[in-house]
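Please read it alongside the sequence and structure shown here.

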Amino acid sequence: MKRGIADIVLVAETDDPLDRIPGRGEVTDQYFAEPLRLIRPSPSIRPPHPHMLASVCLATWLKHRGFTVEAFDNIFTIPSSREGFLSALDRGPRAVGISTTFMRSEASIARLAATVRERC
């Protein structure tokens with residue numbers, strides 16, 4: 001399936017080796033987010049979102065406002081995600097958003113930014 005040019009390509013990644021531990025997200029959710037959900041905070045207080053969900057929320061918001069968006073995650077570790085991301089870049093999106101929230105290495109951020117610059 002040939003895709004058109006996206007207005008915006010979003011990418012989120014982590015370079016923390018602890019995030020690769022199976023079940024890490026579930027443990028964080030079980031001990032941190034779930035108790036907050038149980039106390040039913042006021043509507044103005046929102047419980048923390050699962051790992052990396054911010055990019056998904058932004059993509060959804062943008063799509064509802066008429067933008068075409070492609071979002072990718074785990075491009076360092078999942079070959080099919082990396083291939084999709086690079087393909088989206090090669091089609092020349094109008095903008096690329098990089099979430100560095102969970103990237104702790106300046107070298108990883110620089111590598112990702114350099115890839116974006118090279119490809120589009």
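## Helices on the sheet

Helix α2 (residues 53-64) lies across β1, β2 and β3 and runs at about 170 degrees to β1; helices (H or I, at least four residues) and strands (E, at least two) are DSSP runs numbered from the N terminus. Helix α4 also packs on the sheet, where it touches β1 and β3, and its direction makes about 170 degrees with that of β3. Angles run from 0 to 180 degrees between N-to-C directions, with axes fitted as lines to C-alpha atoms, for helices over the stretch in contact; contact means heavy atoms within 4.5 Å.

This is a predicted model, in which local features need pLDDT of at least 70 and side-chain atom pairs count only at pLDDT 80 or more, while totals for chains, interfaces and linings use all residues. Residues are numbered from 1 along each chain as its sequence is written, and side-chain values use heavy atoms, leaving out hydrogens and water.

## The sheet

Three strands form an open sheet in the order β2-β1-β3, with parallel pairing, where two strands pair if DSSP finds at least two bridges between them. Because β2 (69-73) and β3 (95-102) stand at the edges, each with a single partner strand, one side of each is left without a neighbour in the sheet. β1 and β2 pair over five bridges, and Val11 stands opposite Phe72 in β2.
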